[in-house]
Amino acid sequence: MMNTLTMRPYAGEADLPAITGLLNDCDAADHLDDNYAIDDLRLEFADPRLDPANDLRLWEDADGALIAFGQVWIDSDAEAVEGSLYWRVAPAARGGDIEDEIMAWASGRVREQARAEAKAARLRCSTRSEFAYGHSLPQRHGMVVSRHFFQMRRPLDQPIEPATLPAGFVLRHVASDANVAAWVEAYNQSFVDHWNFHPITLESHQHWLQHPSYQPAHDLIAVAEDGTIAAFSFCVIDAAENTRNQRNDGWIGILGTRRGYRRQGLGRAMLLAGLHRLKADGVDYARLNVDAENPSGALQLYESVGFGVVHSWHNYVKSLDELVQ
């Protein structure tokens, strides 16, 4: 197989149909709810954080058919460059050399960036707990599990308690460019002390607000008397994704409380406000993802309002053992 494979960079718009088809074929075989439309990938690959020429790779067989895809999201902190690998291989092509080629490419890409920044290099990837094939590549290459995550779901036909904000706060939604900038600053202040935090930029966040599913009315904020965004509940209903998955769900995409405003009940109130908004818009279930080991008590909060675990993930990590002086 090694002699019949061609690895190449992403060539732009012309590659989108084949990549979308491969990802959806893999999802149909693996049942990971990880399917896409072309428009989704077009938006994702235009994210300012991504360098498509270097962070995306395609593998084709001797007939030119796409059989594998790799993507690395690269973030840096003061000490290390960290890459997060997303990879898919067509079911009929699995089990040969292709998986090792993907790992070699991803490791090389992260090391390249680490050399440029004179930092250590780390590689991460995640896989659903019950997806045996997804564990084979990281385990074969010495990656170890560093964290667990849950996807949770709550039926919205069950009663939802009122969303009562503490005194001095009002519930609003993002309604201006100034609100968007303040939201980004609040996000970074809210998650800076969380596991594996990497700050977001205004440019990247504005990019994702272009997604067709974004509605300002679902972008809820709790505003203090001095105008500070103290907490937020970013909700999403993606009609196209629901159609592909044959369900009617909404998401609490991001829930956060700014440092200095915690332990006042803001997080709970904003979660409930998001649930009420999703229910009012007619979805059957609310979903969210959570760090299973979050020390802030997020898991317990979600359980207390009726969420239950439906899936879990393992997050693998490996030091690439390279520090360039």
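Helices here are DSSP runs of H or I with at least four residues, numbered from the N terminus. By that count, helix 5 is followed by Gly142, whose phi is positive, near 75°. The model is predicted.

**Helix 5**

- Helix 5 spans residues 132–140.
- Its buried residues are Tyr133, Gly134, His135, Leu137 and Pro138.

**Nonpolar cores**

- The largest nonpolar core has 45 residues.
- Ile19, Phe45, Phe69, Leu85, Val89, Ile102 and Leu123 touch the most other members of this core.
- Helices 1 (16–30) and 2 (38–45) each give two or more residues to the core, as do strands 2 (56–60) and 3 (66–76).
- Strand 4, helix 4, strand 5 and helix 5 also give two or more residues each.
- Leaving out residues up to four places away in sequence, Ile19 touches Tyr10, Leu41, Phe45, Leu58, Leu66 and Phe69.
- A second, separate core holds 31 residues, among them Leu156, Ala224, Ile252 and Leu266.

**Aromatic rings**

- A search of the whole structure finds 16 aromatic pairs.
- Trp87 is buried, at a relative accessible area of 6%.
- Tyr133 has a relative accessible area of 18%; buried means under 20%, so Tyr133 is buried.
- Ring pairs also link Trp183, Tyr187, Phe191, Tyr214, Phe232 and Phe234 into a cluster.

**Charges over rings**

- Arg94 lies over the face of Tyr133, 4.4 Å from the ring centre.
- Arg128 lies over the face of Trp313, 5.9 Å from the ring centre.

**Pro155**

- Pro155 sits in strand 6, which covers residues 144–155.
- Its relative accessibility is 24%, so Pro155 counts as partly exposed.
- Pro155 touches Asp284, Tyr285 and Gly306, again leaving out residues up to four places away in sequence.
- From C-alpha to C-alpha, Pro155 and Gly95 are 39 Å apart in space, and they are 60 residues apart in sequence.

Note on methods
Residues numbered from 1 in each chain as written. Predicted model: local features only at pLDDT ≥ 70, side-chain atom pairs only at ≥ 80, totals over all residues. Heavy atoms only, no water. Buried < 20%, exposed > 50% of the residue type's maximum accessible area, 1.4 Å probe, protein only. Core = buried A, V, L, I, M, F, W, Y, C linked by side-chain atoms within 4.5 Å. Contact = heavy atoms within 4.5 Å. Phe/Tyr/Trp six-rings, centres within 6.5 Å; stacked < 30°, edge-to-face > 60°. Lys NZ or Arg CZ within 6 Å of the ring centre and 35° of its normal.
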